[in-house]
Amino acid sequence: MTLKRMDNVLIVVDDLEAAKAFFIELGLKLEGESTVEGPLVGSLIGLKDVRATLAMMRTPDGQGIELDKFHTPNAIRFGPVDAPVNTLGIRRVMFTVDDIDAVVARMRAHGAELIGEMQYEDTYRLAYIRGPEGIIVALAEQLG
C-alpha cells in the first residue's frame, strides 16, 4: 500500500467569509461549500451534535485547503489569535508565487499583516503574512 497524495489541510475558522475572501485574494479558487451534520459526521471526527459549514479551496495545481466553520459544537480557541510560529501544532501553509512584493502588497491591502521577509542566498525570497483568524501564510519566490 502506497501513499498517493496529500488531499487537503483543514483550518477551523470562526469567520468563514473572511477566510474564504483571504484565500481567494491569494489565488485559490472556491471549489465548493456545504454543510455537514449528524451522527455519521460526529462519529468520524469524535464530536457529538456536529453541524459545520465546509468550504473547499484549491490551488492552481489542485492542492486543497478545507475551511470549516463549526456551528455546533462551538469551536474552541486554544491560545491567542496571533500565536507565534513556534507554537505547537500546524502553524502555517506555504505557497510558491511569482512576485512576493506584489502578493504581499495585495494581501496587505486586504488586511493581512506582514510578519517578516528574507532572502536566502540567490535562490529564494520568503515572506510570512498573517491573515484572518491568525492564519500564517508563507510565500516563496524562486530567484534566477
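Helices (H or I, at least four residues) and strands (E, at least two) are DSSP runs, numbered from the N terminus. In these terms, Leu47 belongs to the loop that lies between helix 2 (39-45) and strand 3 (51-58). The model discussed here is a predicted one.

**Surface patch**

Leu44, Ile45 and Leu47 make a nonpolar surface patch of about 290 Å². Leu47 has a relative accessible area of 35% and is therefore partly exposed, since buried means under 20% and exposed over 50%.

An open sheet is formed by 4 strands in the order 1-4-3-2, with mixed pairing. Strand 1 (8-12) and strand 2 (29-37) stand at the edges; each has a single partner strand, so one side of each is left without a neighbour in the sheet. From one strand to the next, the twist averages 20 degrees. Strand 2 and strand 3 run antiparallel and are joined by 8 bridges. Opposite Glu37 stands Arg51, a residue of strand 3.

**Salt bridges**

Side chains of opposite charge can pair when their charged atoms come close. How many salt bridges does a search of the whole structure find? The search finds 12.

| Salt bridge | Distance, N to O |
|---|---|
| Glu31 and Arg58 | 3.1 Å |
| Arg77 and Glu133 | 3.7 Å |
| Asp101 and Arg125 | 3.0 Å |

The salt bridge between Glu31 and Arg58 has its closest N and O atoms 3.1 Å apart. Because Glu31 lies in strand 2 and Arg58 in strand 3, the pair ties together parts that are 27 residues apart in sequence. Glu31 counts as exposed, at 51% relative accessibility, whereas Arg58 counts as buried, at 16%. Both residues also belong to a network of salt bridges that links Arg5, Asp7, Glu31 and Arg58.

The side chains of Arg77 and Glu133 meet in a salt bridge at 3.7 Å, N to O. Arg77 is located in the loop between strand 4 (64-72) and strand 5 (92-96), and Glu133 in the loop between strand 7 (124-130) and strand 8 (136-142), so this pair ties together parts that are 56 residues apart in sequence.

In the salt bridge of Asp101 with Arg125, the closest N and O atoms are 3.0 Å apart. This pair links distant parts of the chain, with Asp101 in helix 3 (residues 100-108) and Arg125 in strand 7, 24 residues apart. Asp101 counts as partly exposed, at 45% relative accessibility, while Arg125 is buried, with a relative accessible area of 17%.

**Aromatic pair**

A pair of aromatic rings is described by the distance of the centres and the angle of the planes. The count of aromatic pairs comes to 1. Phe22 and Phe23 form this pair, which is edge-to-face, with 5.2 Å centre to centre and 85 degrees between the planes. Are Phe22 and Phe23 buried or exposed? Phe22 has a relative accessible area of 5% and is therefore buried. Phe23, at 0% relative accessibility, also counts as buried.

Note on methods. Residues numbered from 1 in each chain as written. Predicted model: local features only at pLDDT ≥ 70, side-chain atom pairs only at ≥ 80, totals over all residues. Heavy atoms only, no water. Patch = residues over 30% accessible without salt bridge, like charges linked within 9 Å, V, L, I, M, F, W, Y side chains within 5 Å. Areas by Shrake-Rupley, 256 points an atom, 1.4 Å probe, with all protein chains shown as cover. Salt bridge = Lys/Arg side-chain N within 4 Å of Asp/Glu carboxyl O. Buried < 20%, exposed > 50% of the residue type's maximum accessible area, 1.4 Å probe, protein only. Phe/Tyr/Trp six-rings, centres within 6.5 Å; stacked < 30°, edge-to-face > 60°. Pairing = 2+ DSSP bridges. Axes fitted to C-alpha atoms, helices over the stretch in contact; angles between N-to-C directions.
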